Amino acid sequence: MRIPSLLMGFPRYFSRRTYFTSFHFVSRADFLCIGSLASVHHCSTEWMCSSNGLRRELCQQVAPEQQIEGLSDREQRLVDRLYNGLIQGHRACLAEAITLVESTQSRKKKVAQVLLQKVLSYNREQEKLNQGKPLAFRVGLSGPPGAGKSTFIECFGKMLTERKHKVSVLAVDPSSSTSGGSLLGDKTRMTELSRDMNAYIRPSPTSGTLGGVTRTTNEAILLCEGGGYDVVLVETVGVGQSEFAVADMVDMFILLLPPAGGDELQGIKRGIIEMADLVAINKADGDLVVAARRIQAEYISAMKLLRKRSKVMRISAKTGEGISDMWDKMTEFRDLMLTSGELVAKRRKQQKVWMWNLIQENMLEHFRSHLAVRDKIPLLEEKVLSGVLSPGLAADLLLKAFKDSL
C-alpha cells in the first residue's frame, strides 16, 4: 500500500521534538474509524526508526490494553471511571470526557485517545447487536443568526424526549478573533431542554477553527453515542463555511432559514442550499405566515435549477406546527439511506475526510514550530508587510528552508 503523498513529503519530521531519518508504520490505529486524530504524534500509531530507509508496512492494530500500558495509574483510573460512567449514561462523565478530548495539553490528548478507542470498540459491539445499524442519527443544523435555531432545538428536543429518545446537542459558538473568548449562551436559551434528564446540551467554542465546528466535534459525537444518545444534533455557526464542515460529520444536514431571508437566488449564490438535505423555513406563525409561504415557494422554484432537490417545508418552533412532520421526513430520509447502504458509505467517507483535515491542521502547526523556519517567519512576515517581498515569494522561501532541512 502506498503511503499518501502528504506524508511522503515530510518523512523526517512528525512532532515538535522528534526527528527521524526514516520510519515505518507498525499499526493503523483505526485511522479511518476513530473519526479524529488529536495530533499526528499523539495517535496510537508507533513510529520506529529503520536504517534500511522508508518501509511501507501497515501492520496490525495496537490493542487498547497496549495503549493503557503507557498511562500512569492515575490516568488509567481516570479512563476507567469515565468509560464506565459514560456507558452507564451518566451525564457528568460525558461532560468530563468531552472536556478531556477538547484539551490541548499533550498528555491529556494521549489519555483522550485511549478513552476514545475504548468507546469506539464499545460502539462497534453495540452496532453488531443492533444488526449493523448505526447507534445514533447524526443531524447537522445551521442557519443565519435570527433563524431561531436555539428555539427550534428546544422544541424539537422536547418532542423527541417525550417519544423516549435520548437527545444530545453539540452547540458551537464562534470565538472572538480579538479576545479569543466565546459567549456560550445557547444553553441558557434552552432552559426546559437543559433540565430534561434524557437530553444533554454541550456548548463549545470554535477556538479559531475555520468552518464553525470545533476540531473535536467528531470525537464528541462518538462519546455521545457511547453514552446512549440516539439523536445527536450539531448546531453550527451559520457563517457559510460551517455548512460545508458540518456536512462532513453528520448523516443529514438541515438548513434553517427565517421568513425574510432574501429571494430565491440568495440561496443559490451562497451555494449552501446544495449541501442541505432539508430546508426548513422557521417562524411561520403570526404575521410572518405569508412571508414564510412566499419564501418556501421561491426556494422550491430555485430547487428546479439544482441537481440536488431538497425538500422545503414551513415550521414554527414557537407554536410547534410542522415539527412532528419534520421528524417524519427526517426518519424517512434516514431509513432510505440505511436501506440503500448510502449511510454506512457516507460515514466511512466522512472519517477519511476528517482524518486528512486534522493532518493538514497539525502539519501546519508543526511547520510553524520547525527549527528551520521558526525564526525566519517573523522576518519574512515583516518584509511582506512592508512590501519588500510578495507573499508568494515569502512562502516559497519558507517552504524551501523547510525542505532543505529534511
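## Pairing of strand S3

Two strands are said to pair if DSSP finds at least two bridges between them. In this predicted model, strand S3 (residues 137-142) and strand S7 (residues 252-257) pair in the parallel sense, over four bridges.

## Burial of strand S3

Strand S3 is mostly covered, and six of its six residues are buried. Phe 137, Val 139 and Leu 141 point one way from the strand, whereas Arg 138, Gly 140 and Ser 142 point the other way. The residues of both sets are all buried.

## Crossing of helices H4 and H5

The model also contains helix H4 (residues 91-102) and helix H5 (residues 106-129), whose axes come within 8 Å and cross at roughly 130°. Because of this angle, H4 is oblique to H5. The crossing in which H4 passes H5 is left-handed.

On the H4 side, the contact is made by Ala 97, Leu 100 and Val 101. Helix H5 contributes Lys 108, Val 111, Ala 112, Leu 115 and Leu 116. Of the residues in this contact between H4 and H5, seven are nonpolar, one is charged and none is polar.

Methods:
Residues numbered from 1 in each chain as written. Predicted model: local features only at pLDDT ≥ 70, side-chain atom pairs only at ≥ 80, totals over all residues. Heavy atoms only, no water. Axes fitted to C-alpha atoms, helices over the stretch in contact; angles between N-to-C directions. Helix = DSSP H or I, 4+ residues; strand = E, 2+ residues; numbered from the N terminus. Parallel < 35°, antiparallel > 145°, perpendicular 65-115°, else oblique. Left-handed = near helix turned anticlockwise from the far one by under 90°. Contact = heavy atoms within 4.5 Å. Nonpolar A, V, L, I, M, F, W, Y, C, P; charged D, E, K, R; others polar. Buried < 20%, exposed > 50% of the residue type's maximum accessible area, 1.4 Å probe, protein only.
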